[in-house]
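Visitor: Hi, could you walk me through this one?
Guide: Happy to, let's bring it up.

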Amino acid sequence: MDKTTVLILFGGRSSEHEISLRSAATILSNIDCDKYTVVKIGITREGHWLLTCADAETIKSGAWESLPDNRTAFLPPDPKAGGVFVLNGDGTYELVKIDIAFPVLHGMHGEDGTVQGLFELADVPYVGCSVTASAVCMDKVCTKMMLADVEVNQAKWIHFTYREMKLAFKACLDHAEQKLGYPVFVKPASAGSSIGVSRAKDREELSAALKLAMEYDSKVIVEEEIRGRELEVAIIGTKAPFASTCCEIIKGTEVYDYDAKYNNDTAQTFAKARMDMEKADDVRMAALKVYSALGCTGMARADFFYDTENDRIIFNEMNTIPGFTNKSMFPQMMEASWGFSITQQVDMLLEDALEQHKQRGRLKI
Ligand SMILES: Nc1ncnc2c1ncn2[C@@H]1O[C@H](COP(=O)(O)OP(=O)(O)O)[C@@H](O)[C@H]1O
Ligand SMILES: [Mg+2]
């Protein structure tokens, strides 16, 4: 049987570039090589696309970028091309056929619908959410607005644009204080991995938090603080999505921050949350409801808070390309709940990409 060629796209022009390298390393170490031929393209922090032969470890360390055999590559938006063009040193080029693309990219220019748009134009099947769902889930303000009529608890929130803050910063502070009080969480609308996120317990901290978040996005969201545990649910599928049971994160710091997520052990994680089955099932059902309301397909990770004091489940955010690092919860949850190995999870995601492409092909243009 002919093998299916999979393009693994990693790196990217994003503050989560390094996480992407680690996710790609996990996927490359686990993809079924009897079934799939892998083509690797790394995107540098500057946005340069390079076809590379680097192995998983070399990608993870970042050393892949300086390999002498890397060649410039690009995906033309023309569906007739059927793959990526790779430039040779002598000015000639060759075509590498692609059957499925797997964007293992987190954050901007990867998880936000941009690269998905390129795959749509090129008519290449791709893993995960469509352009619209990716864009909506990348933006925490859009996500909340999309869910306005959906029965799911959310933290009280407001948002400010860069323009509003530039014109009337003091009024923004007043408004946040009146509507939410303290403490609050301040976050860039479109970021990830806790970058630019801070907790503010007074006006001075709020002012600093808004300025920090503004460095990452021109839209900033301010939320009431939810105290309690953090829960996450992994979902795979399009026609009949299925969810893992939720995992639990006990953060050792006020923010489950970048280092706690990827670099140290301040947070304690449990691949299956320590809560009664009925409650855990409520979280799973809420995750599937939000997944569907946001138009997610392929995969996503839904994050919640469990306000233990008031026994409330509160939806926080949807991640359309969740981390696949060796510390990430998505693959661990799928394994703990359903017994699927990472190899099987990758296989399901690739099969789903083909199915999604087939469905789109039925639509009239
Ligand atoms: N409203 C909130 N109440 C309590 N903690 C919060 C709140 N919002 C965010 N946090 C903390 O900040 C972390 C990062 O925020 P999150 O909304 O998940 O953004 P990101 O996309 O960066 O992961 C969360 O995991 C949590 O620890
Ligand atoms: Mg988060």
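Visitor: Before that, what should I know about the model and the numbering?
Guide: This is a predicted model, where local features need pLDDT of at least 70, side-chain atom pairs count only at pLDDT 80 or more, and totals for chains, interfaces and linings use all residues. Residues are numbered from 1 along each chain as its sequence is written, chains are lettered from A and ligands numbered from 1 in the order in which they are written, and side-chain values use heavy atoms, with hydrogens and water left out.

Visitor: Thanks! How many residues surround ligand 1, and which are the closest?
Guide: There are 20 residues around ligand 1, and the closest are Lys140, Lys187, Ser194, Glu223 and Glu230. A residue counts as near a molecule or strand if one of its heavy atoms lies within 4 Å of it.

Visitor: Which polar atoms of Ser193, Tyr256 and Asn316 lie by the ligand's oxygens, backbone or side chain?
Guide: For Ser193 a polar backbone atom is 3.4 Å from an oxygen atom of ligand 1. Tyr256 also has a polar backbone atom by a ligand oxygen, at 2.9 Å. With Asn316 a polar side-chain atom lies 3.0 Å from an oxygen atom of ligand 1.

Visitor: How much of ligand 1 does the protein cover?
Guide: The protein covers 98% of the 540 Å² of accessible area that ligand 1 has on its own. Accessible areas come from the Shrake-Rupley method with a 1.4 Å probe, and for residues only the protein chains shown count as cover.

Visitor: And which elements give two or more residues to the shell?
Guide: Those are strand E9 (184–188), strand E11 (219–224) and strand E17 (312–319). Helices (H or I, at least four residues) and strands (E, at least two) are DSSP runs, numbered from the N terminus.

Visitor: Switching topic, how many disulfides are there?
Guide: The count is 0 disulfides, where a disulfide is a pair of cysteine sulfur atoms within 2.5 Å.

Visitor: Now the backbone: which peptide bond is cis?
Guide: The one from Tyr182 to Pro183, with omega near -5 degrees. Pro183 sits in the loop between helix H7 (169–180) and E9. Most peptide bonds are trans, and most residues other than glycine have a negative phi.

Visitor: On phi, what is the value at Asp123?
Guide: Asp123 has a positive phi of about 60 degrees, although it is not a glycine. This residue is in the loop between helix H3 (114–122) and helix H4 (131–138). Asp123 is partly exposed, with a relative accessible area of 45%.

Visitor: What about phi at Ser194?
Guide: Ser194 has a positive phi too, near 65 degrees. Its place is the loop between E9 and strand E10 (198–200), and at 18% relative accessibility Ser194 counts as buried.

Visitor: Where is Thr325, and what does its side chain contact?
Guide: Thr325 is in the loop between E17 and helix H11 (329–338). Its side chain makes a polar contact with the side chain of Ser328, at 2.7 Å. A polar contact is a pair of N or O atoms within 3.5 Å; within protein, one must be able to donate a hydrogen and the other to accept it, and residues adjacent in sequence count only if both atoms are side-chain atoms. Thr325 is buried, with a relative accessible area of 2%.

Visitor: Last one: is Leu167 buried or exposed?
Guide: Leu167 is exposed, with a relative accessible area of 64%, and lies in helix H6 (residues 162–167).

Note on methods: Buried < 20%, exposed > 50% of the residue type's maximum accessible area, 1.4 Å probe, protein only.
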